[in-house]
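Open the structure in your viewer and keep the selection tool ready. The tour goes stop by stop, with something to select at each one.

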Amino acid sequence: MDERKNIFLKAATVTLFMVQFAFRRGETAELSAPKRLADDLLRNYGSPFVRPVRNHTNIVNVYFRPRPVWFADFDESKQVLSFVSTNKYEWTDEYLTWNPDDYDGIEKITLGKDQIWFPDIITFERVGNGPAEANMEDTFVTADYRGNLVYYNLVFLSVFCKMDVRLFPYDTHSCPARFLSFAYEGDAVAVFIANDSDSSETALKNNGVWAVAHYHFEEVKIKYPCCPIPYREVHFTMDIRRESGFYVLNVGIPTLLLSLTTLSVFLLHPECGEKISLCVNNVLAWIIFQQLLTMNMPPTGDQTPIVAYYFAVVITISFLSVLTTCVTLSIYHTKTNRPLPGLLRQVLLIGGRNSSHRSLQPTKLEVSMPKKTEGLLRNSRCMEARGHEFSSFDSAVQAPGMSDRRSSKGDSNRGTNNSMGTMDGSTPLTMPGSDDTDDETAGASFETEWVKAAIRIDVILFILALSAMILAALSCAMLFKFHKPDHDHDELETGDEDHHD
């Protein structure tokens, strides 16, 4: 009984197996040749995380090539370069080979990159992935019957780029990027440059603010302190150049106009009531203008734009113009009986005190006359200077009555005799108020000297400010010439790789 039962179970098992086999055979017969090929390749592929070599000591050579197609942005404050690139990967998978005759002559097939081993090449300087819609990571891998695989994808790369802003707005920056296998050392995965026809295509589109002057690839073998075996990497370098036309119109011309406005302060007459206001407005305009430029510059302390030195000079001149204007206005409105100091008179090239009071000095004719006549002439000159006082004095001498006239005449004669003294002219004739006349005339002359000094100081300051601006501009031009690169890349160039073993 038991023996019959065992025979029955075995027969049922064989029958089920045959039915299942027939069903699978019929299902397989319905699959197309590419699907059968994919199933056969992946059925015994094994883990996709292990290198696809039958001998584990063999090296997987990955040929990689990034090709930028669109220059997106360059964030100067963060020093981040963003561009879109089409990357190409080529490698050999020893487990993805077949005979085309067994699969209707199929020589190529597409597979998902998550189903097979894929090289983990990263961008070492990458700081962001950019917009999600700009990345096409889920593309397919193309494999041929010899095991050669090719993969293309479109990525948005944001890499760190150290800026050199000394030549702003004519600056050029070199932005490097390293592509390497992060998990495998040089004895497991080696990265080389993919040399093909499209590796040197110049399909890059600029963004209007920056232009790509040059980019090239280089194979490098580097040994890091962490790992005893060196890595084989691909270094990609992009040289970008700023389009300076925008900054010449929006920075250069306003800078020139503000410089002329700063100089115009010294040309205004001290009587102008807006001189101080113009000085303060110039200082504020320069500071605001510099802040607007600083907002777009990277906060680096090792390199300073050359134009910043010129801004520092003109801002200093604008600030000093406020102080010097206060001084010149104080001198111009000085009401004093003190003469201009001799040293200041010599510095400002103002004539001496004798030339300033030439009206009070005797002429050659007066010197040749006797002292009595000289005294009369001197009193006459003083009387002319004090015409109104002399008129009042003369009216006081003329009395309405005859006796008064005699008395006045007698008093006048006595006064004349007393004032003239002897006829040899030892005592000059002196009229009432002559000392006050000399003091007032001298005071007016002193005020004229101080006014001339204030105007002359403005002229000297104008010359000094203009000289300082010209010197600063020439110094900046020399620095531009000194730091300018020896060669300019006017057109886009792509360089061949250099091998450094």
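Which residue of strand 8 stands opposite threonine 123? Select threonine 123 and look across to strand 8: the residue there is phenylalanine 179. Keep in mind that this is a predicted model.

**Stop 1: strand 4 and strand 8**

Select residues 121–123, which form strand 4, together with strand 8. These two strands pair in the antiparallel sense, over three bridges.

**Stop 2: strand 8 by itself**

Now select residues 172–181, the whole of strand 8. Is this strand mostly covered or mostly uncovered? It is mostly covered, with seven of its ten residues buried. In a regular strand, side chains alternate between the two faces of the sheet.

**Stop 3**

**Stop 4: helix 3 and helix 4**

Clear the selection, then select residues 245–264 for helix 3 and residues 275–295 for helix 4. Their axes come within 10 Å and cross at roughly 160°. Angles over 145 degrees count as roughly antiparallel, so helix 3 is roughly antiparallel to helix 4. The crossing is left-handed.

Next, show the side chains at the contact. On helix 3 they include Val251, Pro254 and Leu258, and on helix 4 they include Ala285, Trp286 and Phe289. Which classes of residue make up the contact of helix 3 with helix 4? Eight are nonpolar and seven are polar, with no charged residues.

Conventions:
Residues numbered from 1 in each chain as written. Predicted model: local features only at pLDDT ≥ 70, side-chain atom pairs only at ≥ 80, totals over all residues. Heavy atoms only, no water. Axes fitted to C-alpha atoms, helices over the stretch in contact; angles between N-to-C directions. Helix = DSSP H or I, 4+ residues; strand = E, 2+ residues; numbered from the N terminus. Parallel < 35°, antiparallel > 145°, perpendicular 65-115°, else oblique. Left-handed = near helix turned anticlockwise from the far one by under 90°. Contact = heavy atoms within 4.5 Å. Nonpolar A, V, L, I, M, F, W, Y, C, P; charged D, E, K, R; others polar. Buried < 20%, exposed > 50% of the residue type's maximum accessible area, 1.4 Å probe, protein only. Pairing = 2+ DSSP bridges.
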